[in-house]
Amino acid sequence: MHLDQKVSLKTHHTFGMEVEARYFVEAKTHTEVLTLLNYRHMIHMPILFLGGGSNILFTRSFPGIVIKINSKGIELKEDYDDHVVVTAEAGENWDDFVQYCVDRGWAGIENLSLIPGKVGAAPIQNIGAYGVEVSDVIQSVQVIEIETGKQKRLTNAECQFGYRDSIFKNALKGKVIILNVTFKLQKVSDLPDDKVFGSYHFRLDYGDIRGELEQMAVTIPVISDVREAICQIRRRKLPDPAIAGNAGSFFKNPVIEKKLLISLQERFPAMPFYQQVPEKLVSSDLVKIPAAWLIEQCGWKGYRIHDAGVHPGQPLVLVNYGTATGTDILELANQIMDSVVQKFGIQLEPEVNVIS
Ligand code: EPU
């Protein structure tokens, strides 16, 4: 392991700001993570554990030590007739892992294709897209307690998953490091008319997936078609962090009371909303409003000031076009939140982790 000084973090987070870590070290194995934790009490400066940096905004250089968790490996743990149990190390690139599973006909995460970041970050914010949340297929998460160095395996229920939420953002925030994640995935066939694994239904009802498959001239999709459709939709709508720095959705979609929606619809009849899916229903009185719509209605879609902007294809995403600082992005986010409160009385909540 190398402890480097004054390391640029530009390529270690997807917003791509030019910020530095005073010290930087990469842990590639569980033993290296443990070794670093043992030295923890001797380190009299702030510590930041970093994964793929896909959900983080730095507003300044980090005055302490950044520990990048970069363990690699994918292991098939159990292989049944209809499903597999597979463990991926935290440092595996998320989308490479999705591709790995799709190539083997293991279904469940194909709708989560092309989400930037590492496997270890997926459970923290319970990544979700196109009708699927990663919590639908996570069996357990192995963590190491920062204080004691003890390893623990949390079951799906113990992770307390919610919409873009989990125990790792709440009770266990800053207390554990995620080492690996175990998934239960269904086996599907590559042949559209193969009935052997016919019980699995792809999730195609969200948004444009069916339309995209039609455009691809696919009538009965196989898993690789579903992945391809999702990738095409995302490439069209969302900025590629390699080209324009961003952290995906900057805000969560707000959940509001149905009676507030009804009163708002008197003034804004076109206001869209999603009824929460029944099994995840916390209360039937709650609805989710697309933040993208609220932001667009306030006139922000495609807005740009210097190099900080609101993505023209998906206004939920704030973009660093090159030289924006974290503070520029934060100021823009605050202006957006203020205008949404003023117009709709709805408070948006950032989903990105701001390091100030
Ligand atoms: N909309 C607009 N204007 C736009 C875009 C969208 O008004 O320019 C409205 C429309 O009403 C549209 C609705 O927003 O029907 C939903 O848009 P979309 O399907 O793009 O999804 P979203 O709710 O805005 C969520 C996730 C995304 C994920 C998409 C697709 C959150 C915070 N974001 O966005 O996740 O890709 O669904 O499933 O839940 C991410 O977390 O980084 C991310 C991109």
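Buried area, as I use the term in these entries, is the accessible area (1.4 Å probe) that two parts lose on being put together, summed over both. The model I am reading is a predicted one.

**Entry 1: domains**

I began with the domain assignment of the chain, which gives domain 1 as residues 4–69, domain 2 as 72–237 and domain 3 as 245–355. I found 9 residues of domain 2 in contact with 11 residues of domain 3, and the area buried between domain 2 and domain 3 comes to about 820 Å², with carbon and sulfur atoms giving 36% of it. Looking at the domain 2 side, I see that Y163, R164 and K237 lose the most area to domain 3, together 56% of what that side buries.

**Entry 2: polar links between domain 2 and domain 3**

How many salt bridges are there between domain 2 and domain 3? I count 1 salt bridge between domain 2 and domain 3, and I count 3 residue pairs in polar contact between these domains, with both residues of a pair at pLDDT 80 or more. I also looked up R164 and E351, whose side chains meet in a salt bridge at 3.3 Å, N to O; R164 is one of the residues already noted for the area lost to domain 3.

**Entry 3: the sheet β1-β2-β5-β3**

I next followed the open sheet in which 4 strands stand in the order β1-β2-β5-β3, with mixed pairing. Its edges are β1 (4–8) and β3 (47–50), and because each has a single partner strand, one side of each is left without a neighbour in the sheet. Neighbouring strands of this sheet are turned against each other by 40° on average, direction ignored.

Going through the pairs, I have β1 and β2 in the antiparallel sense over 4 bridges, with S8 opposite E20 in β2. From β2 I moved to β5, and here the pairing is parallel over 6 bridges, with A21 opposite F62 in β5. Strand β5 (residues 62–69) also pairs with β3, again in the parallel sense and over 4 bridges, and I noted L48 opposite V66 in β5.

Which strands does helix α1 lie across? I find that α1 (residues 30–38) lies across β2 (20–27), β3 and β5, and that the helix runs at about 135° to β2.

**Entry 4: the sheet β14-β20-β19-β18**

I looked up a further open sheet of 4 strands, in the order β14-β20-β19-β18, where the pairing is antiparallel. The edge strands are β14 (245–249) and β18 (304–305), each of which pairs on one side only. Within this sheet I checked strand β19 (residues 308–310) against strand β20 (residues 317–320), which pair in the antiparallel sense over 3 bridges, and I recorded A308 as standing opposite N320 in β20.

**Entry 5: salt bridges**

Finally I took the salt-bridge count, which comes to 13.

Notes:
Residues numbered from 1 in each chain as written. Predicted model: local features only at pLDDT ≥ 70, side-chain atom pairs only at ≥ 80, totals over all residues. Heavy atoms only, no water. Pairing = 2+ DSSP bridges. Helix = DSSP H or I, 4+ residues; strand = E, 2+ residues; numbered from the N terminus. Axes fitted to C-alpha atoms, helices over the stretch in contact; angles between N-to-C directions. Contact = heavy atoms within 4.5 Å. Domains from an automatic or database assignment. Salt bridge = Lys/Arg side-chain N within 4 Å of Asp/Glu carboxyl O. Polar contact = N/O pair within 3.5 Å; in protein donor to acceptor, adjacent residues only side chain to side chain.
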